[in-house]
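User: I've got a new model open and I'm a bit lost. Can you walk me through it?

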Amino acid sequence: MALGSVDTPIGTLQLAATSQGLVRIGFGYMETREDMMAELADLPCSMGQGDPDWLVEPITQVREYFDGSRRWFEVALDWRLSHGFYRQVQDALMTVEYGTTVSYGELAHMAGSPGAARAVGTAMSTNPIPLIVPCHRVVRSDGSVGEYGGRPEVKTWLIDHERAHRD
């Protein structure tokens, strides 16, 4: 496991990667590096230092996203923290285009489970790879942003950032 961080306009992001790809992104205002390590301790891989090179491309692409030059991510992902319905929802979410939003209900339909908007909300709140798996693009049916790790202003910032850089 390789761990690193990157400073962004929305705060410090903690990143964790395995030899398979990026496995976790944590928001520094919500959890410490130690919190993230504790969450990842049960993964069937070594919690040793890992190869720091596993983080070079993810960190580079996160920086490019925040400077407005990257609209989609092209990094390997380690999906071991996503299962079942949550993974289906996260896969559907990966098709939501940069600079656009969908409602929880629309995403439920896209994931093949119409009527499961509340379950989609839970899937978003447990997304292990936010930003890359763009849960910030999911809004309430009335268009309001809703929560985002207890900081709706961060979600608003991300949506506005994408809209400003989409063309």
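User: Let's begin at the start of the chain. What joins β1 to β2?

Analyst: A hairpin joins them, and it passes through two residues. Strands here are DSSP runs of E with at least two residues, helices are runs of H or I with at least four, and both are numbered from the N terminus.

User: How was this model made, and how are residues numbered?

Analyst: This is a predicted model, where local features need pLDDT of at least 70, side-chain atom pairs count only at pLDDT 80 or more, and totals for chains, interfaces and linings use all residues. Residues are numbered from 1 along each chain as its sequence is written, and side-chain values use heavy atoms, with hydrogens and water left out.

User: Ok. How many bridges join β1 to β2?

Analyst: Seven, and the two strands run antiparallel. Strand β2 covers residues 11-18. To count as paired, two strands need at least two DSSP bridges between them.

User: Which residue in β2 stands opposite Gly 4?

Analyst: Leu 15.

User: And what joins β2 to β3?

Analyst: A hairpin through two residues. Six bridges join β2 to β3, again antiparallel. Leu 13 has Phe 27 of β3 as its bridge partner. Gln 14 stands opposite Gly 26, which is in β3 too.

User: What order do the strands take in the sheet?

Analyst: The order is β1-β2-β3, in an open sheet of three strands with antiparallel pairing.

User: Which ones are the edge strands?

Analyst: β1 (2-8) and β3 (21-27), since each pairs on one side only. From one strand to the next, the twist averages 25°. That angle is between N-to-C directions on a 0 to 180 degree scale, with axes fitted as lines to C-alpha atoms (for helices, over the stretch in contact).

User: Is β3 mostly covered or mostly exposed?

Analyst: Mostly covered: seven of its seven residues are buried. Buried means under 20% relative accessible area, exposed means over 50%, and partly exposed is in between, with a 1.4 Å probe and protein chains only.

User: Why is β2 called largely enclosed?

Analyst: Six of its eight residues are buried, so the rest of the structure largely encloses β2.

User: Which helix lies across β1, β2 and β3?

Analyst: Helix α1 (residues 33-40), running at about 135° to β3. Helix α2 packs on the sheet as well and touches β1, β2 and β3. The direction of α2 makes about 15° with that of β1.

User: Let me zoom in on α1. Is Met 36 buried or exposed?

Analyst: Met 36, which lies in helix α1, is buried, with a relative accessible area of 1%.

User: What is Met 36 in contact with?

Analyst: Leaving aside neighbours within four places in sequence, Met 36 is in contact with Leu 3, Gln 14, Leu 15, Ala 16, Arg 24, Ile 25 and Gly 26. Contact means heavy atoms within 4.5 Å. Take Ala 16: Met 36 is 20 residues from it in sequence and 8.4 Å from it in space, C-alpha to C-alpha.

User: New topic, rings. How many aromatic pairs does the search find?

Analyst: Six, across the whole structure. Rings of Phe, Tyr and Trp (its six-membered ring) pair if their centres lie within 6.5 Å; planes under 30 degrees apart are stacked, over 60 edge-to-face, the rest tilted.

User: Why is the pair of Phe 66 and Trp 157 called tilted?

Analyst: Their planes are at 35°, so the pair is tilted, and the ring centres are 5.8 Å apart.

User: Where do the two residues lie in the chain?

Analyst: Phe 66 is in helix α2 (residues 56-66) and Trp 157 is in helix α6 (residues 152-165). Phe 66 counts as buried at 10% relative accessibility. Trp 157, at 32%, counts as partly exposed.

User: Which residues do ring pairs link into a cluster?

Analyst: Tyr 65, Phe 66, Phe 73, Tyr 98 and Trp 157.

User: Last one. What is phi of Leu 131 near?

Analyst: Near 80°, a positive value in a residue other than glycine. Most residues other than glycine have a negative phi. Leu 131 sits in the loop between α5 and β5 (138-139). Leu 131 counts as buried, at 2% relative accessibility.
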